[in-house]
Amino acid sequence: MSSIRTRIKPRPMPLNIFQDKDGLPRIILTEPTGSSAEVLLNGGQVVSWKNERKEELLFMSSKANWKQSKAIRGGISVLFPQFGNLGSLEQLGSARNTLWSMDRDPSPLPPLDNQSSVDLVFKSTGVDLKTRPSSFEFRLRISLSAGKLILIPRVRNTDNKALTFTLSISNYLSVSDISEVRVEGLETLDYFDNVMNRSRFTEQADAITFDGKMDRVYLRTPTKIAIIDHEKKRTFVLQKNAMPDAVVWNPGYRMAKALPDLGDDDYKFMVCVDSAAIETPIVLKPHEEWKGHQELSTVSSSYCSGQLDPCKVLYGFH
């Protein structure tokens with residue numbers, strides 16, 4: 001019997017695809033322990049990630065407009081082919097405002113053992129050069145497994161000229177109160193402070209805490225970053241590859257009141273920590289492909305003098 005079992009490979013979990021009450025195509029991912037994720041084809045956006053206890057781990061704005069065809073504030077979205085206003089293209093990129101398709105013929109990736117996964121694709125023809133730099137294919141695999149949500153973005157240059165882009169995977173994480181949050185793993189690093197006209201500074205604190213608006217791009221960051229919620233005693237662990245930068249953002253009270261799609265007090269219950277490639281744009285030769293990797297997981301926070309043990313989260317559990 002054991003020899004038979006060794007030959008049987010776990011099958012990927014089935015997809016549940018339907019149109020929600022607002023008419024948006026929605027994909028539901030589930031896995032055996034009870035966690036789930038929901039993905040919209042519009043923008044290829046993850047709008048829900050719940051753990052096995054059905055606790056929502058992603059933040060969604062209380063003023064989110066689900067009926068519009070543009071990106072919804074919150075969840076996880078891809079900002080591509082341009083981050084922010086650092087260029088002549090559409091601010092924050094066109095990928096998040098585009099209707100993606102199911103990728104019926106994805107390129108080979110690691111096995112999906114006991115995972116629920118969906119492959120999406122967004123193709124540009126290069127016709128509208130005002131919003132898209134050239135012809136490309138952007139493929140995105142979103143995989144759910146016990147305690148983990150994995151995104152694998154891939155960009156292929158299908159043009160006969162070089163493709164240059166920046167990108168960010170924007171993660172809106174749900175927290176108890178922003179005043180109870182600290183981000184570890186970015187100490188001593190240089191960063192651009194967008195609140196201070198993109199001035200460059202070096203992080204002096206042993207962890208990032210929040211007492212007002214924050215909008216920073218940290219440079220040459222480690223592959224693991226910890227986002228610690230003291231009140232919930234929960235830590236998000238962000239692991240990433242091929243995206244050397246990290247964005248840390250919270251609008252603070254004043255900016256939150258000025259944003260039409262964000263509730264006045266929503267800033268208290270969210271923090272954005274993004275995997276990004278911003279400082280040095282990625283350049284692909286014709287027919288060349290770039291691949292990144294992001295994994296989000298949660299662990300119970302362990303404390304030592306009020307801080308998470310960095311040896312456990314930043315450098316791995318033993």
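Okay, a definition before I start: when I say partly exposed, I mean a relative accessible area between the 20% under which a residue is buried and the 50% over which it is exposed. And keep in mind that this is a predicted model.

So, salt bridges. How many does the structure hold? The count is 18, and I'll walk you through a few of them.

Let's take Glu289 and Arg156. These two form a salt bridge, with their closest N and O atoms 3.5 Å apart. Glu289 sits in strand E19, residues 289-291, and Arg156 in strand E9, residues 148-157, so that pair links distant parts of the chain, 133 residues apart. Buried or exposed, or something in between? Arg156 comes out at 31% relative accessibility, so we call that one partly exposed. Glu289 is at 33%, and that also counts as partly exposed.

Next up, Arg234 and Glu55. Their side chains meet in a salt bridge at 3.7 Å, N to O. Arg234 lies in strand E16, residues 234-241, while Glu55 is in the loop between strand E4 (45-50) and strand E5 (76-79), so the pair ties together parts that are 179 residues apart in sequence. Arg234 counts as buried, at 10% relative accessibility, whereas Glu55, at 33%, is partly exposed.

Who else is involved there? Salt bridges with shared partners join Glu52, Arg53, Glu55 and Arg234 into one network.

Last one: Glu137 and Arg139. Here the side chains meet in a salt bridge at 2.6 Å, N to O. Arg139 is buried, because its relative accessible area is 13% and the cut-off for buried is under 20%.

Okay, that's my bit.

Technical notes: Residues are numbered from 1 along each chain as its sequence is written. This is a predicted model: local features need pLDDT of at least 70, side-chain atom pairs count only at pLDDT 80 or more; totals for chains, interfaces and linings use all residues. Side-chain values use heavy atoms; hydrogens and water are left out. A salt bridge is a side-chain nitrogen of Lys or Arg within 4 Å of a carboxyl oxygen of Asp or Glu. Helices (H or I, at least four residues) and strands (E, at least two) are DSSP runs, numbered from the N terminus. Buried means under 20% relative accessible area, exposed over 50%, partly exposed in between (1.4 Å probe, protein chains only).
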